[in-house]
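Reader: I am new to this structure and would like to learn how to read it. Could we take a few features one at a time?

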Amino acid sequence: MGITGVGSSYNFVYNTKTGKLSTKDGSKNEFVDFCNGDVKGEDTETLNHFDEHTRYQFTRMLFAYGTGMTGQNPFANDEKVEITADIDSATHTSFYVNGQKAFTAITGMSYLPSEIQTFGTVQQPFKTRGYKPYNPSTNSITIGVGSRFNLGNGYSMTVQEDFVWGEGYGNGSKADDERCNMMIGGLNSLIHFADQQYFSSMTDTYTDYILDFLASQGVDTSREFVINGTHCELVNGKISEVGNDYVVPSSIQQKAVKRYEESMSQLLNSGTWYRWS
C-alpha cells in the first residue's frame with residue numbers, strides 16, 4: 001500500500017463473525033496485520049500515523065453501529081463485508097460498506113495558546129482597515145477601521161480600532177435607539193468574524209440586523225458573499241464561513257491541520273504521537 005497520506009484509500013474485507021480483516025485476494029498486507037493485532041506499529045517500517053488513525057476511526061465505526069447509536073447496522077446480515085476507507089483530508093475519512101457510503105469520521109484539532117488568543121478574546125483590535133465598497137463581480141465588500149455608515153434619522157456607525165461607535169441616540173424613538181444598538185453589535189461581530197477573530201456563532205444574535213446592513217451595502221446574501229476576504233454563506237439562516245466544518249476560523253484551523261498532518265506522516269516507530277480526536 002506504500003506510505004499513507006491524504007488521498008490514500010484502504011480496501012479490505014471485514015469478517016463480522018471473527019472480527020478480523022483480510023485483503024480481497026487473501027494476500028499479505030501490513031495494515032491488515034496491524035488492525036488484526038498480528039503486528040505492532042512500532043515494529044514496522046512502512047506504517048505511519050495515518051494508518052493508526054484509520055484503524056482507530058474504523059473501530060469507532062464498528063462501535064457506533066454495534067451499539068445501535070446510528071439506528072442501523074450494515075454488518076448485521078452478512079458474514080463478510082467489503083470496507084473502503086478514503087482519506088479525504090487530514091481531518092476527514094470516509095468509510096464505505098459494500099460500496100455504499102456509511103460513515104464520515106471528522107477529527108477535532110488541538111490549538112496552541114497563541115492561536116486560541118487570536119479568536120478567544122472578545123475585544124481585540126480589528127485587523128482590517130478602511131473601506132472598499134461593494135464589488136458586484138465578486139459579491140464582496142471590505143469593512144474596517146475608519147469605515148463610517150449612515151443609518152438614517154440622525155444615526156450613524158463608525159468603526160474604531162477595536163469597537164464600533166454609534167451616534168445619534170435620542171434623535172428617534174426608543175425602538176430606533178435599540179435598532180442602532182443592534183446594528184452596532186452586528187457590525188462589530190461581523191467584522192471580527194470576517195477578520196478571522198470570532199466564531200461564526202458570535203454573529204447569531206444579530207443575524208437579521210447584519211443581513212439588513214449588508215443588503216443596504218448591495219451585498220447579495222442569497223449566494224456566497226465575501227467580507228474582508230472571508231467567504232461566507234447562509235446556512236440554516238445563520239452566517240457561516242464557506243467550507244469550514246469547525247467553529248474555529250479557518251486560518252487558525254488550517255495551521256492546526258498542517259501540524260496534525262505532519263505528525264501523522266511520521267512512521268509509527270519514529271516516536272510518540274498524540275491523537276487529537
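**Salt bridges, a sheet and its helix**

Author: Lys28 and Asp33 form a salt bridge through their side chains, with N and O 3.1 Å apart. The model is a predicted one.

Reader: What is the general idea behind such a pair?

Author: Side chains of opposite charge can pair when their charged atoms come close. In this model the count of salt bridges is 5.

Reader: Are Lys28 and Asp33 buried or exposed?

Author: Lys28 is exposed, because its relative accessibility is 70%. Asp33 has 14% and counts as buried, because the cut-off for buried is under 20%.

Reader: Which parts of the chain does the salt bridge of Glu82 and Lys24 tie together?

Author: The side chains of Glu82 and Lys24 meet at 3.4 Å, N to O. Glu82 belongs to strand β3 (residues 80-87) and Lys24 to the loop between β2 (21-22) and α1 (30-36), so the pair links parts that are 58 residues apart in sequence. Glu82 is partly exposed, at 27% relative accessible area, and Lys24 is exposed, at 57% relative accessibility.

Reader: How many residues apart in sequence are the parts tied together by Arg148 and Glu167?

Author: Arg148 and Glu167 form a salt bridge whose closest N and O atoms are 3.0 Å apart. Arg148 sits in strand β8 (residues 148-152) and Glu167 in strand β10 (residues 164-167), so the parts they tie together are 19 residues apart in sequence. Arg148 counts as exposed at 51% relative accessibility, while Glu167 is partly exposed with a relative accessible area of 33%.

Reader: Let us turn to the sheet. In what order do its 5 strands stand?

Author: The order is β6-β7-β11-β12-β13, in an open sheet with mixed pairing. β6 (131-135) and β13 (238-241) are the edge strands; each has a single partner strand, so one side of each has no neighbour in the sheet. On average, neighbouring strands of this sheet are turned by 30° against each other, direction ignored.

Reader: In which sense do β7 and β11 pair?

Author: β7 and β11 pair in the parallel sense, over 2 bridges. Ser140 stands opposite Val226 in β11.

Reader: How should I read the two sides of a helix?

Author: An α-helix has 3.6 residues a turn, so residues three or four places apart point the same way. In α5 the buried residues are Thr207, Ile210, Leu211, Phe213 and Leu214. They cover an arc of only 160° around the axis, which puts them on the same side of α5. Asp208, Ala215 and Ser216 are exposed on the other side of α5. After α5 comes Gly218, whose phi is positive, near 100°.

Reader: Glu52 has a charged side chain like those above. Is Glu52 buried or exposed?

Author: Glu52, in helix α2 (residues 49-66), counts as buried because its relative accessibility is 19%. The side chains of Glu52 and His49 are joined by a polar contact of 2.8 Å.

Note on methods. Residues numbered from 1 in each chain as written. Predicted model: local features only at pLDDT ≥ 70, side-chain atom pairs only at ≥ 80, totals over all residues. Heavy atoms only, no water. Helix = DSSP H or I, 4+ residues; strand = E, 2+ residues; numbered from the N terminus. Buried < 20%, exposed > 50% of the residue type's maximum accessible area, 1.4 Å probe, protein only. Polar contact = N/O pair within 3.5 Å; in protein donor to acceptor, adjacent residues only side chain to side chain. Pairing = 2+ DSSP bridges. Axes fitted to C-alpha atoms, helices over the stretch in contact; angles between N-to-C directions. Arc of directions from axis to C-beta. Salt bridge = Lys/Arg side-chain N within 4 Å of Asp/Glu carboxyl O.
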